[in-house]
Amino acid sequence: MDSTTMLYDYRDRIAAAVNFSYGSNHNMRERECARIHCLRLGVELIEIDLDFMKKYFESSLLQGAGAIPDGHYADDNMRSTVVPFRNGIMLSIAAGLAESRGLTEVMLANHSGDHTIYPDCRPEFVRAMDAAIEAGTFDGLHLLAPYTTLSKGQIAARGAELGLDYALTYSCYKGGEKHCGTCGTCVERREALAEAGIPDPTLYEV
């Protein structure tokens with residue numbers, strides 16, 4: 001929901017989108033959605049495999065649907081879904097791609113609800129990564145993370161203003177054909193759409 005909203009919100013300044021496959025249960029579903037939206041907007045989609053993460057990193061997100069805990073995002077058991085330094089790795093690659101193409105910035109669609117669980121979504125990470133990208137590139141690229149202080153509900157409301165169809169987005173950490181309805185991302189998805197006052201078009205198992 002967040003990355004797709006940002007894609008539409010900032011379509012005039014986005015030269016290319018990047019989809020990373022790193023072995024999570026929902027990678028295939030997210031990739032399908034990315035292809036649909038990038039095709040609609042005429043945005044180039046770069047697809048990159050990060051298979052080593054599934055092989056070497058520890059996270060329930062990389063261990064199959066049965067390993068994903070149910071419950072709210074803020075619950076302690078959701079810490080098991082953290083993929084260590086995932087955003088740091090992906091942003092480093094994105095920065096290399098951007099500099100290779102003569103671009104000036106990379107973007108991240110984190111939001112305030114991520115901060116509790118995921119260290120590489122927090123404002124201090126964004127500031128530090130922005131400084132690292134600027135220092136580590138000849139042209140002084142920057143990291144733009146415009147949703148850092150917004151709730152997912154506020155992002156969904158922005159998507160509604162843009163006419164975005166959230167039926168063509170995917171959130172569930174279990175990766176099934178339908179959203180499970182019980183994992184942290186499904187719970188958060190329901191709450192965000194309700195907060196935004198948007199009818200939920202999602203097909204849930206429960």
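How do the axes of helix α1 (residues 2–9) and helix α2 (residues 27–41) cross, and within what distance do they come? The close-ups below, taken from a predicted model, start there.

**View 1. Helix α1 alongside helix α2.** The two axes come within 11 Å and cross at roughly 5°. With angles under 35 degrees counting as roughly parallel, that makes α1 roughly parallel to α2.

**View 2. Side by side, residue by residue: the contact of α1 with α2.** On the α1 side you'll find T4, L7 and Y8. Their partners in α2 are H37, C38, R40 and L41. Sort the residues of this contact by type and you get four nonpolar, two polar and one charged.

**View 3. Where α1 sits.** Six of the eight residues of α1 are buried, so this helix is largely enclosed by the rest of the structure. The buried ones are D2, T4, T5, M6, L7 and Y8. As for what they pack against, look for β1, α2, β3 (105–107) and α6 (152–161).

View 4. Strand β1 (residues 16–21) and strand β2 (residues 44–49) run parallel and are joined by six bridges. To get your bearings, pick out A17, which stands opposite L45 in β2.

Note on methods:
Residues numbered from 1 in each chain as written. Predicted model: local features only at pLDDT ≥ 70, side-chain atom pairs only at ≥ 80, totals over all residues. Heavy atoms only, no water. Axes fitted to C-alpha atoms, helices over the stretch in contact; angles between N-to-C directions. Helix = DSSP H or I, 4+ residues; strand = E, 2+ residues; numbered from the N terminus. Parallel < 35°, antiparallel > 145°, perpendicular 65-115°, else oblique. Contact = heavy atoms within 4.5 Å. Nonpolar A, V, L, I, M, F, W, Y, C, P; charged D, E, K, R; others polar. Pairing = 2+ DSSP bridges. Buried < 20%, exposed > 50% of the residue type's maximum accessible area, 1.4 Å probe, protein only.
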